[in-house]
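Hi everyone, thanks for coming.

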Amino acid sequence: MRKALVILAALTMLLSGCTKDEKPPQPPAPDLTSAPSGVAVNQGPFRSGPVAAPARGALFGAWIKPDALTHVGRLAAVDSLQADLGRPLKIVNTYRRFEQMVGTPSDKEFLARGATLMVSWATGDNRSILDGEHDDLIRKQARAVRKIKEPVLLRMRWEMDRPNLRATMWSGEDYIAAWKYVRAIFAQERATNVSWVWCPTAEGFIRGDAPAFYPGDDQVDWTCVDVYAGERFEPIGDLMAPFLTWAAARPKPIVIGEFGVAKAWGSAGRADWLKDARRTFKANPQIKAIAYFESDPEGNGPTKQFQLTGDTAAFREFHRMAKDPWFTPR
């Protein structure tokens with residue numbers, strides 16, 4: 001039996017192309033030192049809706065997962081990151097289920113401090129929306145948004161191109177019809193303080209299916225992408241290259257709705273990736289806002305954990321990004 005196991009191990013190493021003393025072949029390290037490409041270089045000015053795109057530079061923001069999803073918890077999470085960075089966030093990303101209203105006490109506090117809310121709203125099944133099953137809920141949300149008065153970035157069902165959402169998105173045509181339906185209700189309720197943000201994934205552009213969900217230039221104020229060095233450790237410019245090429249042809253400001261680099265890639269690797277990300281954002285001046293995903297979602301492995309706090313080298317590079325004058329536009 002023991003002899004058979006030795007033979008099996010030897011065959012395994014032979015088939016994998018390495019000997020007992022060799023490590024399995026590793027993917028080549030990404031080049032994070034070359035000058036990033038400028039693809040989305042439209043300088044504007046842009047018609048970006050109520051949330052104005054800065055003439056130069058990009059607004060700096062984040063989602064920070066709180067210890068508790070309460071008013072106190074949300075404020076504490078944002079306050080802690082701002083203290084560590086030594087600056088306020090200009091964009092605070094916040095997630096809402098379909099039935100959760102905008103205008104919570106923490107929302108109002110962030111607005112009072114001068115931040116812009118980016119509301120990531122998980123609307124439901126597109127066909128049930130089109131059947132009118134959620135009209136009362138949509139109208140209630142529109143009135144809640146109108147009531148806060150301040151300009152809001154609204155990501156209606158962000159990452160709609162994810163394969164695991166296909167059962168409720170149905171198709172690009174269904175999503176587009178639902179988008180127009182919801183936007184029309186907001187107009188009826190005079191919720192005119194919304195900049196409409198269309199935000200698929202970088203992977204959806206790599207696959208090629210994300211553009212089918214685009215509602216049209218007349219329906220969208222900001223284009224957007226969520227991009228992560230998670231399963232794939234590649235420069236951010238490579239990961240979002242298909243999106244940037246697509247977005248460059250449209251006269252819209254871009255917000256990087258979520259970005260992050262996973263703990264799996266080590267502290268030094270993460271720091272290098274963030275340094276390259278900062279250069280890439282600046283090389284593409286059509287990018288007018290960015291929001292880091294400062295969170296380790298429960299149950300996820302190291303390729304899907306993105307919190308920088310506690311990682312000295314990576315956070316130091318994030319701090320340099322936050323202090324770069326480019327990300328504090330006038």
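Predicted model: local features only at pLDDT ≥ 70, side-chain atom pairs only at ≥ 80, totals over all residues.

Let's begin with strands E4 and E5, which run parallel and are joined by 4 bridges. Two strands count as paired here if DSSP finds at least two bridges between them. The helices (H or I, at least four residues) and strands (E, at least two) are DSSP runs, numbered from the N terminus.

Residues are numbered from 1 along each chain as its sequence is written, and side-chain values use heavy atoms, with hydrogens and water left out.

Now stay with E4 for a moment. How many of its residues are buried? The count is 5 of 5, where buried means under 20% relative accessible area, exposed over 50%, and partly exposed in between, with a 1.4 Å probe and protein chains only. In a regular strand the side chains alternate between the two faces of the sheet. In E4 both faces are covered: Val 152, Leu 154 and Met 156 are buried on one side, and Leu 153 and Arg 155 are buried on the other.

On to the neighbour E3. Met 118 is partnered with Leu 153 in E4, and Trp 121 stands opposite Met 156 in E4.

Let's keep walking around. E2 and E3 also pair in the parallel sense, this time over 7 bridges, and Arg 96 has Trp 121 in E3 as its bridge partner. To get from E2 to E3 the chain crosses through H3, and this β-α-β crossover is right-handed. Strand E2, residues 91–97, is mostly covered, with 6 of its 7 residues buried.

So what is the whole arrangement of strands? The 8 strands form a closed barrel, E1-E2-E3-E4-E5-E6-E7-E8, with parallel pairing. From one strand to the next, the twist averages 30°. Angles here run from 0 to 180 degrees between N-to-C directions, and axes are lines fitted to C-alpha atoms, for helices over the stretch in contact.

Now the helices. H2 (residues 71–85) and H3 (residues 105–112) pack at an angle of about 35°, with axes 8 Å apart. His 71, Arg 74, Leu 75 and Val 78 in H2 meet Pro 105, Ser 106, Glu 109 and Phe 110 in H3, where contact means heavy atoms within 4.5 Å. The residues of this contact divide into 4 nonpolar, 2 polar and 2 charged. In that sorting, Ala, Val, Leu, Ile, Met, Phe, Trp, Tyr, Cys and Pro count as nonpolar, Asp, Glu, Lys and Arg as charged, and the others, Gly among them, as polar.

Helix H7, residues 172–188, has 17 residues. Its buried residues include Tyr 175, Trp 179, Val 182 and Phe 186. What do the buried residues of H7 pack against? Their partners are E3, E4, strand E5 (194–198) and helices H4 (126–130), H5 (135–148) and H6 (166–169). After H7 comes Arg 190, with a positive phi near 60°.

Let's finish with two single residues. Ala 58 sits in the loop between helix H1 (2–16) and E1. Is Ala 58 buried or exposed? Ala 58 is buried, because its relative accessible area is 1%. Its contacts beyond four places in sequence include Ile 287, Trp 326 and Phe 327. The C-alpha atoms of Ala 58 and Pro 325 are 9.4 Å apart, although 267 residues separate them along the chain.

Leu 239, in helix H9 (residues 236–239), counts as buried at 5% relative accessibility. Leaving aside neighbours within four places in sequence, Leu 239 is in contact with residues including Ala 202, Val 227 and Trp 273.

Terms used. Expected span 1.5 Å × (residues − 1). Right-handed = clockwise from strand over helix to strand, strands pointing away.
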